[in-house]
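Please examine the sequence and the three-dimensional model shown here.

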Amino acid sequence: MTTATSRATTTGAVGTAHSRVEGRDKVTGAARYAGEIPFAGLAHGRLVLSTVARGRIVSVESGPVLDMPGVLAVLHHGNAPRLETGYVGMLGVPPDPTAAVFQDDRVPHAGWPVALVVAETSEQAREAAEALTVTYEREPHDIAFSAGRSDARPADGHMPASTEKGDLDAELAASAHVVDEEYVTPEEHHAMMEPHAATALWDGGRLEVVDSNQGTTWVADELVRMFSLDASAVRVRSDHVGGGFGSKGLRAHQVSAVMAATELRRPVRVVLTRRQMFSLTGYRSPTAQRVRLGAGPDGRLRALDHRSLNQTSTVWEFVEPAAGVGRTLYDAPAHRTENQVVRLNVPSPTWMRAPGEAPGSFAMEAALDELAERCGVDPIELRLRNEPELGPVSGLPFAGRNLAACFREGARRFGWAGRDPRPGVRREGHLLLGTGTAAASFPAGAMPSTAAVTAEADGTFTVRISAADIGTGARTALALVAADALRVPAGRVRVHIGDSDFGPAMIAGGSMGTRSWAWAVTAAAGELRDRLVPGGTVPPEGITVRSDTTAAVGALAQKERHSYGAQFAEVAVDVATGEVRVRRMLGIFAAGRIVNPLTARSQLIGGMTWGISMALHEEAVRDSASGDLYGGDLASYHVASHADVPAVEADWVDDRDPDDPVGIKGIGEVGIVGAAAAVANAVWHATGVRHRRLPIRPDRVLEAGGPRV
């Protein structure tokens with residue numbers, strides 16, 4: 001037995017830079033990901049996807065495939081177990097039927113899962129899956145996404161479809177300056193390094209799923225409901241996750257693996273290929289957004305109208321709420337926003353890093369830049385003049401709004417002062433140079449979570465929480481938070497995450513993970529510290545305290561809670577080749593108390609890099625004839641490389657949230673918001689040509705023209 005910790009000890013771990021606690025394991029290969037963990041008697045499943053965009057399955061000719069070497073089973077709509085889908089899950093939405101595989105003979109889009117082939121080896125499963133013959137009755141399909149479709153309609157998502165106040169037409173008519181433009185963003189895909197993978201097995205009457213996901217209790221809850229199991233009969237583990245970005249929830253691979261493991265009574269692993277991920281794991285819908293802004297001579301807004309259209313599948317409705325940006329960033333006497341959807345024969349979109357805010361900020365911040373040009377007002381000054389005192393739609397007070405501080409600090413460090421506002425005048429040899437800026441915001445919420453903290457007999461402490469580290473450094477951040485709450489050095493804290501047996505906790509999503517988990521860890525650690533008697537002893541079994549923040553989170557006062565940022569970009573445009581290069585980028589953020597500056601900066605730079613990729617590269621294109629993507633792989637779907645990101649810097653201003661026990665807000669998504677707009681605005685400043693359609697490809701630059709060197 002050892003002596004309990006003294007309450008007088010202080011550490012101050014939060015706010016200091018710490019390397020990832022699992023960093024060595026990851027760089028040496030000791031960290032095992034979902035598709036790498038060995039199991040005795042493991043079988044391998046390979047999904048077969050539809051080759052038609054709409055129709056009915058006539059036959060699945062499994063006989064010849066079952067005779068192939070090593071093949072154990074072929075699951076399809078004719079023999080798969082029936083699933084329960086009439087429920088609302090943990091996140092308040094029903095399941096996407098794409099995950100509820102093999103329930104009928106309908107095919108609503110290309111890449112729909114129609115069968116699972118299971119074999120002794122992954123090679124045998126692949127060969128058999130490619131040999132499986134599926135016959136379809138083909139029907140006409142519709143994938144034509146565009147503004148002005150007559151079947152578009154307003155739709156609620158995780159926010160109301162529409163908001164409106166004031167007389168929009170009257171205020172627009174009375175405005176000295178008006179912007180009325182359409183902005184278009186393409187279909188974009190999550191491209192995390194680790195593919196989706198899951199292994200399912202039954203152990204002593206209990207289903208265990210080893211997965212790569214963003215929330216083990218989330219996936220466990222979905223499987224319990226879908227397979228009509230007792231909650232205690234399902235355990236989901238997800239130790240290391242190589243990126244999620246909103247995509248790693250319940251998908252076809254987990255459900256089909258459970259089906260196969262149940263039939264074969266042996267472990268079955270299903271790993272999606274990169275091409276399958278482009279059909280089965282969601283994506284960011286394309287958007288067509290119309291923004292109308294009206295302002296007085298001084299640039300103060302009188303009217304704001306933002307309407308956005310996105311596509312969704314015919315089987316599940318997902319809203320990309322791009323029009324929600326203005327509901328928190330800017331106010332006007334007349335203010336209207338609306339999110340619309342159109343149902344097409346395409347896969348279901350889903351949450352993708354900064355859903356709504358990423359494409360919405362491109363449209364809104366580009367429109368603000370256009371308004372600044374027409375008013376003859378500096379783009380930063382225009383935004384500062386339009387800082388609202390209360391939530392533009394909610395009317396609620398802000399729980400801290402340091403956007404102005406971000407712009408002032410960013411302008412100082414970027415060298416904004418003295419910028420010639422005229423476009424196309426700054427040249428360097430054969431290049432045109434320009435700078436641009438944009439605002440960023442993302443909700444800073446918290447969700448109820450539970451955590452357990454144990455004082456061990458050896459003087460260490462163990463934290464157990466169903467958090468998910470999707471590359472963000474969550475383990476390290478929670479170790480620092482626990483150390484400060486316990487008043488011990490961080491080296492005495494061990495953090496275990498990614499296990500649904502640890503109890504319910506918020507997923508890694510919505511920029512709410514660290515804040516929600518840290519709150520639960522702080523509560524448990526604080527109570528444990530109070531229980532420990534200075535100079536006392538800890539029994540061999542340890543002393544454990546468990547917390548539940550449901551009541552505390554529910555008691556939060558109603559306020560507008562957001563992280564903010566100011567994005568700055570400098571570009572060089574070669575008007576002979578159309579090539580755009582981002583020379584440097586700076587983001588200054590007000591995102592609450594920063595737990596670990598080392599990993600936080602990486603998160604923000606990662607988001608900004610994605611913004612560069614969004615502005616210049618990313619674009620998934622569908623073939624009208626087949627309904628499928630032209631190139632569903634990373635050879636054809638272009639993302640930013642190191643050569644595209646020479647100098648990206650992220651920093652922050654002091655912005656502690658007084659209503660949070662640690663002062664946290666959230667940084668996971670605000671880094672991408674506004675980044676694409678800053679690049680697009682810089683391209684205008686360089687060339688004098690507005691690009692309202694992303695990405696800004698070389699051919700589009702050449703077609704648009706501009707000043708010649």
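The model is predicted: local features require pLDDT of at least 70 and side-chain atom pairs count only at pLDDT 80 or more, whereas totals for chains, interfaces and linings use all residues. Residues are numbered from 1 along each chain as its sequence is written, and side-chain values use heavy atoms, with hydrogens and water left out.

The protein contains 17 helices and 25 strands; helices (H or I, at least four residues) and strands (E, at least two) are DSSP runs numbered from the N terminus. Its radius of gyration, taken over C-alpha atoms, is 26 Å, close to the 27 Å given for 709 residues by the globule rule, so the protein is as compact as a globular protein of that length. That rule is 2.2 Å times the number of residues to the power 0.38. The C-alpha trace spans about 75 × 75 × 50 Å along its principal axes.

An open sheet of five strands has the order β17-β18-β23-β24-β25, with mixed pairing; two strands pair if DSSP finds at least two bridges between them. At the edges stand β17 (427-428) and β25 (648-652), each of which pairs on one side only. Strand β17 is joined by two bridges to β18 (residues 431-443), and these two strands run antiparallel. Within this pair, Arg 427 is opposite Leu 432 in β18.

Two helices accompany the sheet. Helix α11 (residues 403-414) packs on it, touching β18, β23 (562-574), β24 (580-590) and β25, and its direction makes about 30° with that of β23. Contact means heavy atoms within 4.5 Å. Helix α15 (residues 597-616) lies across β23, β24 and β25 and runs at about 130° to β25. Axes are lines fitted to C-alpha atoms, for helices over the stretch in contact, and angles run from 0 to 180 degrees between N-to-C directions.

The loop between α15 and β25 holds Ala 640. Neighbours within four places in sequence aside, Ala 640 is in contact with Thr 609, Ser 613, His 617 and Val 645. Its C-alpha atom is separated by 8.2 Å from that of Glu 618, 22 residues apart along the chain.

A cavity is a set of points on a 1 Å grid over the protein atoms alone where a 1.4 Å probe fits but cannot get out; lining residues have an atom within 4 Å of a point. Among the 15 residues lining the largest cavity, Asp 96, Trp 218, Leu 250, Trp 316 and Trp 351 are the closest to its centre.

Key: 1 Å grid on protein atoms, 1.4 Å probe; cavity = no way out; pocket = protein on both sides within 12 Å on 5 of 7 lines; lining within 4 Å.
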